[in-house]
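Visitor: I'd like to learn how to read a protein model. Could you walk me through one?

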Amino acid sequence: VSMNKDWLAIGSPYISSSNGMVYMYRNMSTGSNYSWSLYQKVKASGSITGAEFGYSLELNKYTGSHSASMVIGCGNPANDQAYYFELTNSMWTQTFVFVPDYTIQPMTFANYLPYTPTMNVTNGFGKAVSIYGDSVIIGEYLDRSFYEYSGSSQYQQGSVYIFERCDQPYVLFQQVFKSYG
């Protein structure tokens with residue numbers, strides 16, 4: 001669930017055979033008395049079957065030009081996408097799809113073989129999302145696997161991405177930072 005002064009978004013990730021949906025409610029009153037009315041049901045295009053769309057979501061709390069926007073993630077770790085929606089022509093419309101960066105980054109310790117990490121295909125990208133203004137933050141809790149030393153147990157390492165909105169044609173967001181946990 002996420003709310004700002006005008007909108008209430010409720011994720012229902014297990015509806016429709018776990019494909020998921022987000023219910024958008026609009027505040028129909030003024031002042032401090034809230035009166036919510038169902039406005040639209042939102043689905044993702046291009047997600048996998050059973051993606052659990054709506055598992056995580058965040059409405060933009062920023063009061064500027066991008067206040068009517070939100071980011072939505074999925075609960076199924078195999079989905080590997082998060083979705084950006086904007087209120088356009090009175091409809092919530094998917095305008096961007098975030099995807100993970102599979103580039104193998106060096107470890108923060110033991111940057112030598114055989115301890116090179118392997119990137120996980122089923123990674124949990126989008127299971128946690130946040131947005132404020134022009135910034136979108138997306139978590140990926142199963143980013144890569146590695147061994148701390150020869151013969152050690154395998155560890156999972158998560159990451160967080162920061163995307164910034166840009167005004168380039170055909171590119172709505174650009175990844176500006178990725179950090180490992």
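Guide: Here we go through salt bridges, a sheet and the nonpolar cores, in that order. This is a predicted model, so local features need pLDDT of at least 70, side-chain atom pairs count only at pLDDT 80 or more, and totals for chains, interfaces and linings use all residues. Residues are numbered from 1 along each chain as its sequence is written, and side-chain values use heavy atoms, with hydrogens and water left out.

Visitor: How many salt bridges come out by the rule?

Guide: The rule asks for a side-chain nitrogen of Lys or Arg within 4 Å of a carboxyl oxygen of Asp or Glu. That gives 4 salt bridges here. One of them joins Arg-165 to Glu-86, with the closest N and O atoms 3.1 Å apart. Arg-165 sits in strand 12 (residues 154-165) and Glu-86 in strand 7 (residues 82-88), so this pair ties together parts 79 residues apart in sequence. Strands here are DSSP runs (E, at least two residues), numbered from the N terminus.

Visitor: Are Arg-165 and Glu-86 buried or exposed?

Guide: Buried means under 20% relative accessible area, exposed over 50%, and partly exposed in between (1.4 Å probe, protein chains only). Arg-165 is buried at 18%, and Glu-86 is buried at 15%. Another salt bridge, between Asp-143 and Lys-178, has an N to O distance of 2.9 Å. It links strand 11 (residues 135-147), which holds Asp-143, with strand 13 (residues 173-180), which holds Lys-178, 35 residues apart. Both Asp-143 and Lys-178 are buried. Lys-61, which meets Glu-58 at 2.9 Å (N to O), is partly exposed at 36%.

Visitor: What is the strand order in the open sheet of 4 strands?

Guide: Strands of a sheet pair through backbone hydrogen bonds, either parallel or antiparallel. Two strands count as paired if DSSP finds at least two bridges between them. The order here is 1-2-3-4, with antiparallel pairing. Strand 1 (2-3) and strand 4 (36-42) are the edges, each pairing on one side only. Between strand 3 (residues 21-27) and strand 4 there are 6 bridges, and Met-24 stands opposite Gln-40.

Visitor: Which residues touch the most other members of the largest nonpolar core?

Guide: A nonpolar core is a set of buried Ala, Val, Leu, Ile, Met, Phe, Trp, Tyr and Cys residues joined through side-chain atoms within 4.5 Å. Of the 16 residues in the largest one, the answer is Met-24, Val-42, Phe-53 and Met-70. A second, separate core has 14 residues, including Phe-96 and Ile-131.
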